[in-house]
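Open the model in your viewer and keep the selection tool ready.

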Amino acid sequence: MNSKKAQPEDDVAIPGLDVAKAKRYSRTKLAALLLSTLWTLARLAWFASDRRAARLQASIASGIPDRRLAAPAFFAATTALSWLSSLPVAYFGSHEVERRFGLTKQSSRGWLGNQAKSLLLGVLLQTPLLTAAYAVIRRRPRDWWLIIAGASVPLTVALSNLAPVLLMPLFNRFQPLRDEALAERVRALAARSGVRISDVYEMDMSRQSEKPNAMFTGLGNTKRIVLGDTLLAGFPPDEVEAVVAHELGHQVHGDIWRLIGFGAGAGFGMAWLLSRIAPLAVRRTSEQTGVSELADEASLPVLALLMTAMGFVLMPMQVAFSRAIERRADRFAVELTRNGEAYARAMEGLAAQSLADPDPPRPVVVMLYSHPPIVERIRAARDATAQIPQ
Ligand SMILES: [Zn+2]
């Protein structure tokens, strides 16, 4: 089958996984990601150069009598333009590829409808945030980075609380899990792990994707377990339970807070670096952009370019942190259910249904993988079972 150098992964064959197809899928996704990244860099550079952003800003300002509305109007317009110019590449990378590999049954129209909702949310959220951020930059030229990074922490917490209640119902339908026997098992498992949940829900994830999934949403009183219909359809109860146990692991370990903490740390670092580099970059490019001050709203594309570049540096650290968290939740799941075999089979089912690459190239894992490669997770689950004292 695979004649290249023997890797430890080779001893794990995943039942039901079409390896050649999975390889093709991951290569195509990688190419799509590369294309979309280059496209983002190119359109930002294009928008910044030849004074395009500055000219757009000036023409919007001249058409609006109230000067206070000029900045929000400019940000709303750039958000919409950015959405529009990224649409063709997004269509290819996140819809067409999925459709061709049989990983979504969503129609192009349905996909576009979701994109339109995202645009609306983007404009509603980004316009006030960008307006406020630039007001801070203008008024606090020395410590704006500290204020913005500081303010984004409670904003992130608030948004991750509100998203399941306000945003997610815009895209999917939720209802209490109809399989009462399974719901009872899940509740018992949660109780055993000491996690308090309000209820167990199911969600029509198959609207967007065939990939099976489960998650926790909400905090405090609204904390709930949500199971995808894609998971419920293809997985026996003990495997569903194993997947839920993994999610419970995240809860027990407080991983949401860890991720928010990591994000806040990265946010402060990035904002500080930006405060050193951005004013210089804006001045250096003023000939082409027609923008000489960072506080000028038309500096947005230059700022976005710098942030994209920083994102590349941050990415491997972020995903390494995430992989460590995921590994621990995997271990927790096996210990809680005392059924590593069910966990391993759930992961195999997940791999087959999501076309997971059984041995992704190491650099790709380092750069992009938020979870350990699936074969590692399967092997770890079987190894852990052997170690559980009976
Ligand atoms: Zn996880």
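Buried means under 20% relative accessible area, exposed means over 50%, and partly exposed lies in between (1.4 Å probe, protein chains only). This is a predicted model: local features need pLDDT of at least 70, side-chain atom pairs count only at pLDDT 80 or more, and totals for chains, interfaces and linings use all residues. Residues are numbered from 1 along each chain as its sequence is written, and side-chain values use heavy atoms, leaving out hydrogens and water.

**Stop one: the zinc ion.** Select His246, His250 and Glu326. These are the protein donors of the zinc ion, through NE2, NE2 and OE, at 2.0 to 2.1 Å. Donors are N, O and S atoms within 2.8 Å of the metal (3.2 Å for Na, K and Ca); water is not among the atoms, so sites may look incomplete. Along the chain, the donors follow the spacing H-x3-H-x75-E. His246 lies in helix α8 (residues 237-253) and Glu326 in helix α11, so the pair ties together parts 80 residues apart in sequence. Helices are DSSP runs (H or I, at least four residues), numbered from the N terminus. Is His246 buried or exposed? His246 is buried, and so is Glu326.

**Stop two: Ser354.** Select Ser354 in helix α12 (residues 340-354). Ser354 counts as buried because its relative accessible area is 14%. Now show its neighbours: Ser354 touches Tyr25, Leu103, Lys211 and Pro212, leaving aside residues up to four places away in sequence. Contact means heavy atoms within 4.5 Å.

**Stop three: Met367.** Select Met367 in helix α13 (residues 362-368). Met367 counts as partly exposed because its relative accessibility is 31%.

Conventions:
Helix = DSSP H or I, 4+ residues; strand = E, 2+ residues; numbered from the N terminus.
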